[in-house]
Amino acid sequence: MKLDVQPFHSTADGLSGEALRDLAWLDACLSPVEAHLETSRHFLGVNDWRAAWVRGELVLPRYLFMGPRDGGDLARVAIFAGIHGDEPEGVAAALRLLLELVEHPEWATGYCLQIYPACNPSGLRRGTRESAAGRDLNREFWGATRQPEVRFLEQELSDGDFQGLISLHTDDTSPGFYGYAHGAALTQLLLAPALARVHPHLPVNHGEIIDGFAARNGIICDAFEGILCAPPQTAPRPFEITLETPQTAPEAVKELALALAVQAILAEHRKLMAYAANI
Ligand SMILES: [Zn+2]
């Protein structure tokens, strides 16, 4: 697949020093995880993002994990983390999830998972919400953006034919865990058990207003414009869930909560699909 993306930080002589530092930083984060993933026969590989960067083309790391089959077709679900660079918890949770899948591939039974653990590498290295270009990437989707990270992800979302999208975030103002439910009608049915799974570890935000939106039992059905989601014309819609962990909790608890919520969503979706197939 040839990607139509803008060169990023590249010059006539190749990558800028900043982009080279982003590349080295991300490589140092991801290489140990990749070495461990290679030991699993369920791990189908990572795209060649490093070589693309060296060519001056922004490709975000994408890990492919195929769970054991359960008789039916595999459901394709994508998991995105780190689109806000000051939210490293999601990145850690996505990597934790990948490592745990090596030990417990059965958690992904019936799924082909595409995991994008670092959607805003320049922001993550700098610890800023925005990318190095000064943009909030999670407000740029499907609006003719010029941001190469978003254009890459839009292409992946168009090509992926996903049944589900899960985005991992952190909220620095919420006292508890919560989530946004969009897309397919069944999305709320998937998010409720995920919040229940998190509850023993972190409180759920039961506020009536969260992040400026009406909420019920920790679930918001509204959304900001331009967030990561399936292409506008997609039908039927995949389930689209954004998980938000409170920033104030200890690191290990935030990671665990996000990873448990993802596992709960996959388990519940599998159950609902099996149920639907039998009626
Ligand atoms: Zn965020």
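User: Where is Pro 236 found?
Analyst: Happy to start there, with a note that this is a predicted model, in which local features need pLDDT of at least 70, side-chain atom pairs count only at pLDDT 80 or more, and totals for chains, interfaces and linings use all residues. Residues are numbered from 1 along each chain as its sequence is written. Helices (H or I, at least four residues) and strands (E, at least two) are DSSP runs, numbered from the N terminus. On that numbering, Pro 236 sits in the loop between strand 11 (219-220) and strand 12 (239-246).

User: What is omega for the peptide bond that joins Ala 235 and Pro 236?
Analyst: Most peptide bonds are trans. The one between Ala 235 and Pro 236 is cis, with an omega of about -5°.

User: Is Ala 144 buried or exposed?
Analyst: Ala 144 lies in the loop between helix 4 (121-126) and helix 5 (148-160), and its phi is positive, near 55°. A residue is buried if 20 or more other C-beta atoms, placed from the backbone, lie within 10 Å of its own, exposed if 12 or fewer, and partly exposed in between. Because Ala 144 has 6 C-beta neighbours inside 10 Å, it counts as exposed.

User: How many other C-beta atoms lie within 10 Å of Asp 211?
Analyst: Asp 211 is in the loop between strand 9 (209-210) and strand 10 (213-216). It is not a glycine, yet it has a positive phi of about 55°. Asp 211 is partly exposed, so the count falls between the two cut-offs: 16.

User: What does helix 3 reach from its first C-alpha to its last?
Analyst: Helix 3 covers residues 88-103, which is 16 residues.

User: Which strand has the lowest mean pLDDT among the elements of the chain?
Analyst: pLDDT is the predictor's confidence in each residue, from 0 to 100, and the chain's mean is 92. Strand 6 (residues 111-116) has the highest mean of the elements, 98. The lowest, 64, belongs to residues 10-11, strand 1.

Notes:
The expected span of a helix is 1.5 Å times one less than its number of residues.
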